[in-house]
Amino acid sequence: MDRLTIGQMSKINNVSEQTLRYYDKIGILKPIEIDKFTGYRYYSIKQCARLDMIQYLKSLGMQLKDIEVQLKTYDTKLIKSFLEEKSRSIDAEIEALKHQKNALQRAISNYERYESSPPDGTITLEYIEKRWIYSYKMSTNFYDFGIEIYEEELRKLKEDMERNGPRQTYFCNTGNRVPYEQIINRDFISSDLFVFVDENVPENLISTIKAGTYLCIYCSRFEQEIPYANRLLDEISDRNYTIAGDYICEVITDLPDLMNGERGMFFKLQIPVRIT
């Protein structure tokens, strides 16, 4: 056991011969002897301890260059410092994965809502729970222009989110509002763009949309929004309902098949109402 071939060393430690050759090349585990005629490498059983340490540190996420430093210095403070930093890094990765999992669940939920939604143009009366949003005050009313300005304002919303912290994964579920004072006069002036968020966003960054009864219409084309919103307003008048708050256009989901190079969207237009 004091003179193991590379094959034997490989087998009893469950590592490949290629790995042992690489460790020899970079100098972190050199054989005790290399036959000068055959080039065969020989190891001592005692070197298994060093190999165990290399494999252990690798399993903790340490790079080989850092392992080499540790094996040369025998500095326990160095390795402890690395382990503490690695632990913090894993915590951050776990947190990021939690946010990613939540984003996946929201995206799946939005596609399920899309698949179960009524056809384009359908009007429904629905109770909608309280919602949380991160909003951005727009400088331009895109209703006066078109989808190009809407896309420009979305860029500004994304930049604002980047500056202030909400993760871009919320961007899959956007919306905009027309204030009550404008919508009662059918004056389409959008006050803000927003994304729907959850409790993971700090309270100081978000506002709420109150729970309530909403008259809704489903819409699949950007240019149909105002005509469909006017249909909602006509329906409110016909049913003798009272407008009870801001008009909301919610993008349930972006559709993957872009139409004529434009964003494909499925909307839910909503106006809160009181039934008298």
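Student: In this predicted model, which residues is Tyr-150 in contact with, leaving aside its neighbours within four places in sequence?

Tutor: The model is a predicted one, and contact here means heavy atoms within 4.5 Å. With the neighbours within four places in sequence left aside, the residues in contact with Tyr-150 are Phe-142, Thr-174, Leu-193, Phe-222, Val-251 and Met-265.

Student: Which members of the largest nonpolar core touch the most other members, and which element gives the most to this core?

Tutor: The largest nonpolar core holds 40 residues, and Tyr-150, Leu-157, Tyr-247 and Leu-269 are the ones that touch the most other members. Among the elements that give two or more residues to this core are strand 5, strand 7, strand 9, helix 8 (225-238) and strand 10 (241-243). With six residues, the element that gives the most is helix 6.

Student: Which residues are included in the second, separate core?

Tutor: This second core is separate and has 19 residues. Those it includes are Leu-4, Met-9, Leu-29 and Tyr-43.

Student: Which residues line the second largest cavity, and how do they divide into nonpolar, polar and charged?

Tutor: About 30 Å³ of space lies in the second largest cavity, and its lining is made by Tyr-150, Leu-154, Phe-171, Thr-174, Val-251, Asp-254, Arg-263 and Met-265. Helix 6 (147-164), strand 11 (247-259) and strand 12 each supply at least two residues of this lining. By residue class, the lining divides into five nonpolar, one polar and two charged.

Student: Is Asn-110 buried or exposed, and which residues does Asn-110 touch, not counting those up to four places away in sequence?

Tutor: The place of Asn-110 is in helix 5, which covers residues 76-116. Because its relative accessible area is 5% and the limit for a buried residue is under 20%, Asn-110 counts as buried. Not counting residues up to four places away in sequence, Asn-110 touches Cys-172, Asn-173, Ile-252 and Thr-253.

Student: Which element supplies the largest share of the lining of the largest pocket?

Tutor: The largest pocket, with about 290 Å³ of space, is lined by 13 residues, and those that lie nearest its centre are Arg-106, Asn-110, Asn-173, Phe-196 and Val-197. The lining divides into four nonpolar, four polar and five charged residues. At least two lining residues are supplied by each of helix 5, strand 5 (131-137) and strand 7 (192-197). The largest share, five residues, comes from helix 5.

Student: What is the volume of the second largest pocket, and which elements give two or more residues to its lining?

Tutor: The second largest pocket has a volume of about 250 Å³, and of its 15 lining residues the closest to the centre are Lys-210, Tyr-214, Ala-244, Gly-245 and Pro-272. The elements that give two or more residues to this lining are strand 8 (207-209), strand 9 (212-219) and strand 12 (262-275).

Student: How many disulfides does the structure hold, and which cysteine sulfur is nearest to that of Cys-172?

Tutor: A disulfide is a covalent bond between the sulfur atoms of two cysteines. The structure holds zero disulfides. Cys-172 is in no disulfide, and at 15 Å away the nearest cysteine sulfur is that of Cys-249.

Student: Why does Cys-48 count as buried, and how does Cys-172 count at 25% relative accessibility?

Tutor: Cys-48 counts as buried because its relative accessibility is 11%, and the limit for buried is under 20%. At 25% relative accessibility, Cys-172 counts as partly exposed.

Technical notes
Residues numbered from 1 in each chain as written. Predicted model: local features only at pLDDT ≥ 70, side-chain atom pairs only at ≥ 80, totals over all residues. Heavy atoms only, no water. Disulfide = S-S within 2.5 Å. Buried < 20%, exposed > 50% of the residue type's maximum accessible area, 1.4 Å probe, protein only. Helix = DSSP H or I, 4+ residues; strand = E, 2+ residues; numbered from the N terminus. 1 Å grid on protein atoms, 1.4 Å probe; cavity = no way out; pocket = protein on both sides within 12 Å on 5 of 7 lines; lining within 4 Å. Points joined across faces, edges and corners; volume = space filled by probe spheres on them. Nonpolar A, V, L, I, M, F, W, Y, C, P; charged D, E, K, R; others polar. Core = buried A, V, L, I, M, F, W, Y, C linked by side-chain atoms within 4.5 Å.
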